[in-house]
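Please work through the exercises below with the sequence and the model at hand. Each task is followed by a solution in steps.

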Amino acid sequence: MNKKHFVSLAIAAALTIGSFPAMGTTANATSVEDLKKKQGEVSSQKDKINGEINKKKSEINANISKQQEIKAKIAEFDAKIRDTENKIAEKAKEIDETNAEIDQLKEEIKELEEKIKERNELLKERARAIQEKGGSANYLDVLLGAESFGDFINRVTAVNTIVSADKKIMDEQKRDQEELEKKKSQVETKLAELESDKASLETLKQDLNSEKAQKAELFKQLEKQQASLEKEKVNLQKESNELAKMEQQIGGEIQAEQARLAELARQRELEKKRQAEAAAAAAAKKAKASTTSSSSGGSSASASAPASVPVSSGAWTRPASGAITTEFGWDTLNGESRYHYGTDIAARGTVPVVAAADGYVIKSHYSSSYGNVVYITHSINGQTFTTVYAHMSSALVSSGQPIDKGQQIGYMGNTGYSFGQHLHFELHQGSWNAAKSNAINPRRYINL
C-alpha cells in the first residue's frame with residue numbers, strides 16, 4: 001500500500017470512528033447526513049482503488065501477452081538457429097566433398113600434366129625430325145618413290161595417317177589444356193562460393209544468437225515487472241478490502257441511525273395516540289360536565305382555530321398541490337422506456353411542500369439527480385415507511401428533525417435531473433435503498 005493510499009485510509013478511518021454517534025435516545029440532527037457523506041468518500045476512494053486494480057490487471061495482461069510474444073520469438077529464433085546450423089553442416093559437408101573433389105582433380109591434373117608433357121616431347125621430336133628432313137618435301141620424296149600405282153596409294157594413305165595423327169595429337173593437347181584450366185576455374189569458384197556461404201551462415205547464426213539473448217534478457221525483465229505488478233495489485237486489493245469493510249461498517253451505522261429514527265417515529269406515534277386518547281377522554285368528560293352545566297342553566301361557547309396548513313384526515317396527507325403529471329410505474333422519458341418509482345406533482349408559482357405523515361427527517365441534502373431532497377421515516381400503525389421529496393427549490397428541515405404531518409419542509413422546484421418545476425414524491429414500505437426495491441404506489445395510502 002503506497003503512502004498516499006495509507007494516509008487517505010487512515011484519515012477516513014479516523015473521521016469515521018471518531019464521529020459515529022452514540023445510539024442513544026437523543027437524535028443527532030446531522031448524523032445520517034454525515035455518515036452518508038463519509039460513506040460516499042470511502043466508496044469513492046474504494047472505486048478509485050478498484051480502478052487502479054483494474055489498471056494493474058490490464059498492465060499484467062499486457063505484460064503476459066508481451067511475454068508470450070517474446071517466447072514465440074525465442075522459439076522462432078531457436079528454429080532459425082537450428083535451421084542455420086543444419087545449413088552450416090550441409091555447407092561444411094559440401095566443402096569437404098569439394099575439397100575431396102579438388103584432391104581428386106589434382107590427381108587428374110597431375111596425370112593430365114604428365115600426358116601433356118609427354119605429348120609436348122613427342123611434338124618436339126616430330127618437329128625436329130621434320131626440320132632435319134626438310135618438312136613437307138620429305139613427304140613428297142616418299143610419294144615419288146612409289147614403284148607402282150598401288151604402292152603410291154599406300155604411300156599417300158600412310159602420309160595422310162601420319163599428318164592426321166600429328167593434328168590429332170595437337171588437338172588433344174589444346175583440348176586437354178583448355179579442360180584443365182576450366183576444371184581449375186570451376187572448382188576454385190565452387191570452393192569460394194561454399195566458403196562464402198558458410199561464412200554468411202556463421203554470421204547469421206551469431207546474429208540470431210545475439211537477438212535470442214536480447215529477447216531472453218527482455219523476458220527476464222518482463223517477469224520481474226510482472227512480479228512487481230502482482231505485488232502492487234495484491235496491496236491494492238488489500239486496501240480495497242479494507243475500504244469495503246469500512247464502507248460496510250458505515251452502512252451498518254447508517255442503518256442503525258435510520259432504525260433509531262424509525263423507533264423514535266414509532267414512539268412518537270404511540271405518544272400521539274396516548275395523547276389523542278387522553279384528549280378524547282378529557283373531551284368526553286368535558287362534554288358530560290357541559291351537559292350537566294347546561295341543564296343547570298350554564299352555557300359555553302368555543303371555536304377551534306383554523307389549522308395553519310390544511311391536512312387530510314387520517315395518517316397521510318397530500319404532499320403538495322398541483323396536477324399529477326407522471327404516475328408510478330412504467331412510462332417514457334425522452335423517448336426511452338423507464339420505470340418511475342414515484343409520482344410527479346406539478347404546479348406553477350411558489351408551491352409549499354409538506355410532510356405526508358408524522359416522522360423524523362433521515363436526510364436533507366442536495367444530489368445531482370434528486371436536487372434538493374428530503375427523506376423522512378414514518379411509523380404508521382407500527383409499520384415503517386419512508387417518503388422522498390425531490391427536485392425542491394429549497395429545503396426547510398434538517399436531518400434528525402421531528403416532523404408533523406402537513407408541516408412544510410420546502411418548496412416545489414426544478415433542481416437536479418429535472419425538466420420543469422415539479423415535486424417527485426416517493427413512498428417506500430420500509431427503508432429507502434438505491435435499488436428502490438421497497439417503492440410502492442403512493443395512491444395505495446394517499447388520496448392524490
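The exercises go from the whole protein to two single residues.

The model is predicted: local features need pLDDT of at least 70, side-chain atom pairs count only at pLDDT 80 or more, and totals for chains, interfaces and linings use all residues. Residues are numbered from 1 along each chain as its sequence is written, and side-chain values use heavy atoms, with hydrogens and water left out.

**Exercise 1.** Describe the protein by its helices, strands and buried residues.

Solution. Step 1: helices (H or I, at least four residues) and strands (E, at least two) are DSSP runs, numbered from the N terminus; the protein has 4 helices and 13 strands. Step 2: buried means under 20% relative accessible area, exposed over 50%, and partly exposed in between (1.4 Å probe, protein chains only). Of the 448 residues, 32% are buried.

**Exercise 2.** Locate lysine 436, decide whether it is buried or exposed, and list the residues that it touches.

Solution. Step 1: lysine 436 sits in the loop between β12 (423–429) and β13 (439–440). Step 2: lysine 436 counts as buried because its relative accessibility is 17%. Step 3: a contact means heavy atoms within 4.5 Å. Leaving aside residues up to four places away in sequence, lysine 436 touches Tyr341, Tyr370, Glu426 and His428.
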